[in-house]
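Here are my notes for anyone opening this one for the first time. Have the viewer beside you and take the points in order.

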Amino acid sequence: MNKDELFQLVIRHVREVIPELEPHRFEYSDRLQELGANSMDRAEILMLVLDSLSLQVPRVELFGPKNLGELIDLLGVKLQAA
Amino acid sequence: MTQVGIEAMNVFGGTVCLDVAKLARHRRLDNARFENLLMKEKAVALPIEDAVTFGVNAAKPVIDSLSQAEKDRIELLVTCSESGVDFGKSMSTYIHHYLGLNRNCRLFEVKQACYAGTAGFQTAVNFILSQTSPGAKALVIASDISRFIVVTGEGGEETEEGQQLTADWSFAEPSAGAGAVASLVSETPHVFQVDVGANGYYGYEVMDTCRPVPDGEAGDADLSLLSYLDCCENAFLEYQRRVSNVSYRDSFDYLTFHTPFGGMVKGAHRTMMRKTVRAKPDQIEEDFRRRVTPGMTYCQRVGNIMGGTVFMSLAGTIDRGQFDSPRRIGQFSYGSGCCSEFYSGVVTQEGQERQRRFRIDERLDMRHQLTIEEYEQVLRGSAVVRFGTRNVALDDQVDSISKATRYDGERLFLRGIKEFHREYAWVS
């Protein structure tokens with residue numbers, strides 16, 4: 001899966017958890033917290049993404065990314081290591 | 001196999017409390033964020049209160065319900081806390097003294113953030129199961145306070161210690177409570193009979209939240225949530241590995257959780273229902289209402305009391321649940337840093353009747369509701385009892401407390417510290 005495909009997958013799940021973001025044009029620099037996602041929303045988005053990727057990784061290992069771009073980079077690293 | 005579990009349990013949720021919505025408005029907290037908390041009130045510790053007074057006040061009604069012979073069989077008294085008053089001397093020593101317990105008793109304290117209550121409880125359970133002293137009882141007291149002390153900076157401006165340590169303090173303040181749960185553990189588990197051997201524990205190193213300095217907290221709420229969720233899943237998986245035919249949805253009539261705030265539990269429950277049984281949103285909502293909300297009854301009125309919170313969730317479930325036939329409760333405990341455990345037990349009608357004798361909710365109703373000004377005053381007044389205080393006299397505050405608040409029984413308060421020795425007084 002390339003970076004853009006990952007991005008689309010993440011966006012899909014963000015919209016699933018926060019339907020209000022349907023019309024939003026996502027950028028790599030977007031911060032979920034600023035888009036209105038609270039901590040539980042963000043944890044759910046993460047869970048849905050990990051599920052879709054069949055990636056068995058503790059959630060705490062995905063803590064750290066400051067924006068969507070950084071999250072996708074980290075997911076890429078984890079996918080390669082899996 | 002010896003039966004074991006909770007013979008009697010009581011929660012003490014403080015003498016004064018604060019409406020959380022009021023606090024949120026005062027701190028100009030984001031409304032959406034506040035609603036996610038699912039909280040009503042938080043207990044606030046007065047300067048004349050500490051984890052010792054909370055612990056004694058939770059235990060007193062339990063002790064008073066015992067005969068002298070039964071009281072004398074308490075051979076283990078463990079305090080579970082992150083609000084200790086000394087690096088060596090455990091609070092159990094003070095509690096032992098003021099409850100007038102038998103000296104042939106082990107006294108010590110355990111610590112692992114909000115897991116401490118479970119740590120103490122499982123220690124007591126194993127003491128009973130070992131039968132090294134048949135007929136003995138154990139008193140487990142999980143007691144904690146949150147004292148966010150307001151200190152005056154050099155220029156005379158007020159700074160809040162918490163803010164220097166965590167950016168999210170404004171979010172933590174509404175949910176940080178004060179309280180204690182006292183559980184008498186024995187071979188006659190009238191209130192909660194433990195499923196022996198049904199334990200899924202899961203722990204590892206993570207720096208999510210902690211108390212690296214006295215009277216101050218540090219950490220990252222987001223990381224803590226992720227760790228909580230990882231543990232929720234893995235502790236249950238281990239439980240499932242040890243116990244045959246377990247279903248998250250069908251094996252437990254109720255679920256209790258360590259509850260930093262209600263919203264977090266709602267999210268964790270939703271995550272588990274999706275993961276384990278692929279439940280749909282409306283099924284999850286119904287399940288949450290039926291199985292989880294009874295456990296939030298007292299947590300919503302007291303706040304996060306660290307190690308005791310999960311037992312406060314259990315007490316709420318026992319008081320509010322339906323026990324026309326015996327019901328199994330699944331309990332999830334989590335403490336930052338971290339350690340977690342999923343375990344279970346059975347509650348009967350008799351257990352509920354016994355538990356209700358302590359009228360936990362009525363006593364919560366008796367608390368004085370602080371105004372914001374009074375609350376700020378309490379924060380400022382707490383400076384005189386900060387950790388490490390060598391000498392202070394608080395008699396006048398103790399004298400006025402019975403006029404200021406009502407209670408149906410005796411309560412213990414801190415009347416002073418002399419050369420680091422803490423002195424308490426009973427007030428009727």
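1. Let's begin with chain B as a whole. Its secondary structure comes to 17 helices and 19 strands; helices (H or I, at least four residues) and strands (E, at least two) are DSSP runs, numbered from the N terminus. The radius of gyration of chain B is 20 Å, close to the 22 Å that the globule rule gives for 428 residues, so chain B is as compact as a globular protein of that length. That radius is taken over C-alpha atoms, and the globule rule is 2.2 Å times the number of residues to the power 0.38. Along the principal axes, the C-alpha atoms of chain B fill a box of roughly 65 × 55 × 40 Å.

2. A word on what you're looking at. This is a predicted model, where local features need pLDDT of at least 70, side-chain atom pairs count only at pLDDT 80 or more, and totals for chains, interfaces and linings use all residues. Residues are numbered from 1 along each chain as its sequence is written, while chains are lettered from A and ligands numbered from 1 in the order in which they are written.

3. On confidence: pLDDT is the predictor's confidence in each residue, from 0 to 100. Chain B has a mean pLDDT of 93, and 94% of its residues reach 70 or more. Over residues 150-167 of chain B, though, the pLDDT is below 50, and this stretch has 28 contacts in the model beyond near neighbours in sequence. Two residues are in contact if their C-beta atoms, placed from the backbone, lie within 7 Å. The model scores ipTM 0.95 and pTM 0.95.

4. Now the inside. In chain B, 51% of the 428 residues are buried. Here a residue is buried if 20 or more other C-beta atoms lie within 10 Å of its own, exposed if 12 or fewer, and partly exposed in between, with C-beta atoms placed from the backbone. Among contacts in chain B between residues at least 6 apart in sequence, 79% join residues at least 24 apart.

5. The largest nonpolar core has 129 residues, and helix 9 of chain B gives the largest share of this core, nine residues. A nonpolar core is a set of buried Ala, Val, Leu, Ile, Met, Phe, Trp, Tyr and Cys residues joined through C-beta atoms within 7 Å. B:Val181 and B:Ala315 are among the residues with the most contacts inside the core. Setting aside neighbours within four places in sequence, B:Ala315 is in contact with residues including B:Val181, B:Met9 and B:Ile360.

6. Where does chain B touch chain A, and which helix gives the most? Helix 9 of chain B does, with eight residues on the side that touches chain A. In total, 15 residues of chain B are in contact with nine residues of chain A. Helix 2 (31-37), helix 9 (221-242) and helix 10 (262-277) of chain B are the elements that give two or more residues to this side.

7. Two open sheets are worth a look. One has three strands in the order 3-2-16 (chain B), with mixed pairing; two strands pair if DSSP finds at least two bridges between them. Strand 2 (residues 16-19) of chain B pairs with strand 3 in the antiparallel sense over four bridges, but runs parallel to strand 16, joined to it by two bridges. B:Val16 stands opposite B:Val44 in strand 3 and has B:His368 as its bridge partner in strand 16.

8. The other sheet has the order 17-18-19 (chain B), and its pairing is antiparallel. Strand 17 (392-393) and strand 19 (421-427) of chain B stand at the edges with a single partner strand each, so one side of each is left without a neighbour in the sheet. Seven bridges join strand 18 (residues 411-418) to strand 19 of chain B, and B:Phe413 stands opposite B:Ala425.

9. Finally, a pair of loop residues. B:Asn304 is found between helix 12 (299-302) and helix 13 (309-320) of chain B. Is B:Asn304 buried or exposed? B:Asn304 is buried, with 25 other C-beta atoms within 10 Å. B:Phe358 is found in the loop between helix 14 (349-356) and helix 15 (360-365) of chain B, and B:Phe358 is buried with 21 other C-beta atoms within 10 Å.
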